[in-house]
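Please have the structure open while I talk.

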Amino acid sequence: MNIGYDSRNSSSTPASLSSSTYQFSTVTPSNDNRENFKVVIRVRPPLSREIDPMYGFSSIVSVSPDHKQISIQEYLGAASNDMEREQDIQENPGLVTYHHFTFDCVYDPDSTQVQVYENTARAAVLSVLEGYNATLLAYGQTGTGKTYTMEGFKYNSTDPQRGIVPRASEEIFKFIESSQSANATFMVRASYLQIYNEFISDLLKPERGILQIREEKRRGVFVEGLSEWAVRSPADICSLMQKGEATRATASTKMNDVSSRSHAVFIIIVEHMVVGEGDFPEGQEITVGKLNLVDLAGSERVRVTGATGKRLEESKKINQSLSALGNVIAALTDTKPRTHIPYRDSKLTRLLEDSLGGNCKTTMMAMISPSEEAFGESLSSLKFANRAKNIRNIPKINADIDQKTLLRKYEIELKKLRQELDLKNKTVCDMQRMMEEERRRADRESEGPDVRSQEYISEKEEKRKLEEKIRLMNSQLLIGGKKLEETPQFITALEEKQKAIRKEYESKLQEIEKERTQIEEDKAQIDRYKQLLLRQRDIMIALTARLNERDETIIQLQEELDAYDRIHRETEENLEYKSNRCSQLENILRMHKIQIPADETPELHYYKEPKRYPPYSTDTVTLDNESFVPLQMLTAEEKINELTHIIENQKSELERMISSMNSYKQPVHNDGKVKDLQNTVTLLQSTNEKIIHERQAVASALENGVLGYLEAIYDGIQENSYSLPQLLEELEQVMQGISQSLSILNRNESVRAPQLKIPKPPAAPVYVPAPITNAPVSKQQSRRPLTVDEMLKLKRQENKVRQEN
Ligand SMILES: Nc1ncnc2c1ncn2[C@@H]1O[C@H](COP(=O)(O)OP(=O)(O)OP(=O)(O)O)[C@@H](O)[C@H]1O
């Protein structure tokens, strides 16, 4: 059974009310002081747990048809359930009494979310858009529908059960959208906080920890460090709500499955700038409206809820702060004006200072249960709300007098950033041009413009950051009811910018095309150079190979030359030694007046052949059509033969001379001379015989004695097998041999040999290294000394002949 409402008679028969009876007038913002603190009641429908399946449910609350008054029935009897109670009341009408209250509006259990929003919340939201502060405060016992009224079930724009917060955000953005003027710029921000166990925290940035309340003359009361989130659509706000809800402290209690254990405040700030037009183009008007959507934690009777432990502590804190709220309301509504209002007794009252008797349009929404079991709390809430009705707020439009609004700051910052960006654009363009120039130069010099490109990158990065910052700031603004990127100015500017960019890119493309053609030409040129270089390289390789061959030849020749030099040196040394020795021997012989026409040919020590002597003969030989003066080394025997031959020649020469002299014989006056000449001839003949004799003796001495000995000593010296005393001893023996020879010669001492003109033997050939040449030896050159080559060639021939023999 429902209990209806009769304003004339508090105990009249209840009449049922249907939703169709609701007739709300359109609510418009008002500055009437009475209007600035409104109180509305909402009676929630009975919950399934409250309806006894056996007896049904009977409400103790009734609402007047004009939705201004509410009546709550108090049962004084002892019936324990609805059915018994109803029967008891029918039988004893005096067991009930009714409490009547009048409010700005009373919503019965059939009221819908849209009705609550349209008739109560909308006016507050519109006030905010005008630049007022507005607060919608949901108060009531736990489980009476505060969260349901404020938030609703789902956060999508079509859900009829969505609450005040989503609808308010829709309203705000609908309003902004309808402000078509390009001169109007809006900025909307949202915050979400909770007061849990007397601590304030940010539901959107819980990591910020406990926050403190501050107060500034212009700004009023605010929470320091509370995050503000720029929003551009209802969806943005809904997602913030969902985010905050996930953090908000809730718990399942006996009275409510999802009971809020904290007071939650969702704040929407709307900054609205109108740029002056017409006569005042520079004029700007900025207003800042703030909407507080407060969902209080429900008051609880611990006795009823049976809370213990943590829940009990939470309950105590909730009740404490709600009682502080009651005290503030009592102080504000006292008939005797009070100088002290105890706002600071709790975080809640401190935070709601502006909303309670300050610069704000406040609407308190008290929620009650229709259930008989909640009678006490419902009556208490109604009394509480009734008292609050008398609060008087003095709201005023928050104009940006001291230019401290965020929108203003954005405006200034954006202007600064745009200037900076223009400058940066110029710098980046200049640098780009410079870089391109340097890159071209560096390409030519094969060096990268590293430093410059680093600077360019950082400049570009800064430019990008600036653009991003401007974009971000712009993205928080809503101009002419649209997002910046949707405004005609933005679209026109964008189109112009795109045109400019297109133009720039077209000219850049042309440049690139030109560069490409140039690069291709350069490439072709490079290819040609490459081919040329390859050819040159091949030539170089061939030349190097030839040079290497030459080098090898030179090295070989050099080695040969060195060998020849060495032979030459050794030969010369040998020759010198032999010459010295011959000179010695010659001197010895000369001392004994013996003509010895020969010197021994030095033997090349590296030929292990019998000792040989150079001949006197200077006959030429012809080899391979080339004439040489052969150096046919003679053995001792051959040498003696040669000497004998020379002597015989001399003898015959002498005979020829004698016969020649006889042919010139004069008869008388030449007698003496002839006689002398005959004597001389006789003497010569005997001398000649003597010489022959001596020569044989000396030859034998030389062959068998002195020379042999001297050679042996010489070899010994060469082999270093002599010590000095040994050498002296050996030389002593040589001396003895020489003395022997001398004694032979001395035996004929009295014989004076005439000074005969004996032909001088030719000098021994000297080995003179000639330049290596392949040119044939000419006949004219045939009498020159033999070259080493020639000599070796000759020697080889000799050896060959000897071996063959
Ligand atoms: N007008 C209504 N129409 C339908 N259901 C409602 C209404 N009001 C409240 N409810 C339901 O009642 C229950 C409790 O509501 P809600 O959680 O909003 O209460 P509360 O006052 O916020 O509680 P608490 O203080 O414990 O957080 C929820 O299941 C909710 O859906």
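This is a predicted model: local features need pLDDT of at least 70, side-chain atom pairs count only at pLDDT 80 or more; totals for chains, interfaces and linings use all residues.

The protein has 805 residues, and 29% of them count as buried. Its secondary structure consists of 16 helices and 20 strands. If we take the contacts in the protein with a separation of 6 or more, 71% of them are between residues 24 or more positions apart.

Let me turn to the ligand. The shell around the ligand is made up of 18 residues, and the closest of these are Gly145, Thr147, Ser259, Ser260 and Gly298. Which elements each supply at least two residues of that shell? They are helix H3, which covers 146–150, and strand E13, which covers 259–260. Helix H3 gives the most, with 3 residues.

Now to the helix contacts, and I will start with helix H2, residues 113–130, and helix H4, residues 164–178, whose axes come within 10 Å and cross at roughly 45°. With that angle, H2 counts as oblique to H4, and the crossing of the two is right-handed. On the H2 side the contact is formed by Tyr117, Ala121, Arg122, Val125 and Leu129, and these meet Ile164, Arg167, Ala168, Glu171, Ile172 and Phe175 in H4. Sorted by class, the residues of this contact comprise 8 nonpolar and 3 charged, with no polar ones.

Helix H4 also packs on helix H5, residues 234–247, at an angle of about 155° and with the axes 9 Å apart. How are H4 and H5 oriented to each other? They are roughly antiparallel, because angles over 145 degrees are placed in that class. The crossing of H4 and H5 is right-handed. From H4, the residues Val165, Pro166, Ser169, Glu170 and Phe173 meet Pro234, Ile237, Cys238 and Met241 in H5, and the contact of H4 with H5 holds 7 nonpolar residues, 1 polar and 1 charged.

The last pair is helix H7, residues 309–333, and helix H9, residues 375–388. Their axes lie 9 Å apart, and the helices pack at an angle of about 40°, so H7 and H9 are oblique to each other. The crossing of H7 and H9 is left-handed. In this contact Gly326, Ile329, Ala330 and Thr333 of H7 meet Phe384, Arg387 and Ala388 of H9, which by class gives 4 nonpolar, 2 polar and 1 charged residues.

While we are on H7, I would like to point out one of its residues, Glu313. Is Glu313 buried, exposed or partly exposed? Glu313 counts as partly exposed, because it has 13 C-beta neighbours inside 10 Å. Glu313 and Asn197 are separated by 116 residues in sequence, while their C-alpha atoms are 8.0 Å apart in space.

That is where I will stop, and I am glad to go back to any of these places on the screen.

How values were computed: Residues are numbered from 1 along each chain as its sequence is written. A residue is near a molecule or strand if its C-beta atom, placed from the backbone, lies within 6 Å of it. Helices (H or I, at least four residues) and strands (E, at least two) are DSSP runs, numbered from the N terminus. A residue is buried if 20 or more other C-beta atoms lie within 10 Å of its own, exposed if 12 or fewer, and partly exposed in between; C-beta atoms are placed from the backbone. Two residues are in contact if their C-beta atoms, placed from the backbone, lie within 7 Å. Axes are lines fitted to C-alpha atoms, for helices over the stretch in contact, and angles run from 0 to 180 degrees between N-to-C directions. Angles under 35 degrees count as roughly parallel, over 145 as roughly antiparallel, 65 to 115 as roughly perpendicular and the rest as oblique. A crossing is left-handed if the near helix is turned anticlockwise from the far one by less than a right angle, and right-handed if clockwise. Ala, Val, Leu, Ile, Met, Phe, Trp, Tyr, Cys and Pro count as nonpolar, Asp, Glu, Lys and Arg as charged, and the others, Gly among them, as polar.
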